[in-house]
Amino acid sequence: QLQLVESGGGLVQPGGSLRLSCTAARVTLDYYAIGWFRQAPGKEREGVSCISSDGDSFNYVDSVKGRFTISRDNAKNTIYLQMNSLKPEDTAVYYCAARTTVGRCRRQTTEAPDFGAWGQGTQVTVSS
């Protein structure tokens with residue numbers, strides 16, 4: 001059974017950076033597109049970014065373009081979300097998820113129903 005684990009969240013000041021990691025125990029993520037999602041209190045879950053299984057294609061939600069970078073290191077079985085220039089509105093629980101049916105992402109958006117395996121989430125708080 002595919003179980004994802006996120007790490008790297010924490011408290012950071014506005015303008016700061018964090019790098020989130022997503023990995024899985026005993027299962028290779030090489031064949032899965034991986035998405036990052038976030039959910040802030042009182043708000044709906046939002047697709048942030050997705051990277052294809054081969055790492056050659058990806059997308060970002062408009063609000064993070066130019067600030068967040070998704071990448072993967074299949075040798076380490078890990079997908080990263082580098083978050084720079086963080087803003088208070090980036091505060092949320094961040095989740096990674098695997099698209100278990102195909103290894104590619106949608107061209108422009110990351111949609112939760114496409115993803116069949118999820119992690120437990122990691123809290124990111126941006127505050128001074």
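Me: Hi! I'm starting with Arg99 and Asp114: are they buried or exposed?
Reply: Both Arg99 and Asp114 are buried. Buried means under 20% relative accessible area, exposed means over 50%, and partly exposed is in between, using a 1.4 Å probe and protein chains only. This is a predicted model, where local features need pLDDT of at least 70 and side-chain atom pairs count only at pLDDT 80 or more, while totals for chains, interfaces and linings use all residues. Residues are numbered from 1 along each chain as its sequence is written, and side-chain values use heavy atoms, with hydrogens and water left out.

Me: Thanks. What does Arg99 form with Asp114?
Reply: A salt bridge, with the closest N and O atoms 3.6 Å apart. That pair links distant parts of the chain, with Arg99 in strand E9 and Asp114 in the loop between E9 and strand E10 (117-118), 15 residues apart. The term salt bridge stands for a side-chain nitrogen of Lys or Arg within 4 Å of a carboxyl oxygen of Asp or Glu. Strands (E, at least two residues) and helices (H or I, at least four) are DSSP runs, numbered from the N terminus.

Me: Which other residue forms a salt bridge with Asp114?
Reply: Arg106 does, and here the closest N and O atoms are 2.5 Å apart. Arg106 counts as partly exposed because its relative accessibility is 40%. Asp114, at 15%, counts as buried.

Me: How many salt bridges are there in the whole structure?
Reply: The search finds six. One of them joins the side chains of Arg38 and Asp90, at 2.9 Å from N to O. Arg38 lies in strand E4 (residues 33-39) and Asp90 in the loop between E8 and strand E9 (92-99), so this pair ties together parts that are 52 residues apart in sequence.

Me: And how accessible is Asp90?
Reply: Asp90 has a relative accessible area of 0%, so it is buried. Arg38 is buried too, at 7%.

Me: Switching to strands. In what order do the four strands of the open sheet come?
Reply: The order is E1-E3-E8-E7, with antiparallel pairing. Two strands pair if DSSP finds at least two bridges between them. E1 (4-7) and E7 (68-73) are the edge strands, each pairing on one side only.

Me: What do E7 and E8 form together?
Reply: They form a hairpin with four residues between them, and Asn77 in the turn has a positive phi of about 55°.

Me: Last topic, the core. Which residues have the most contacts inside the largest nonpolar core?
Reply: Trp36, Leu81, Met83 and Tyr94, in a core of 29 residues. A nonpolar core is a set of buried Ala, Val, Leu, Ile, Met, Phe, Trp, Tyr and Cys residues joined through side-chain atoms within 4.5 Å. Another core lies apart from it, with seven residues, among them Ala33, Phe37, Cys105 and Phe115.

Me: What is Met83 in contact with?
Reply: Leaving aside neighbours within four places in sequence, its contacts include Leu20, Phe68, Tyr94 and Val124. Contact here means heavy atoms within 4.5 Å.
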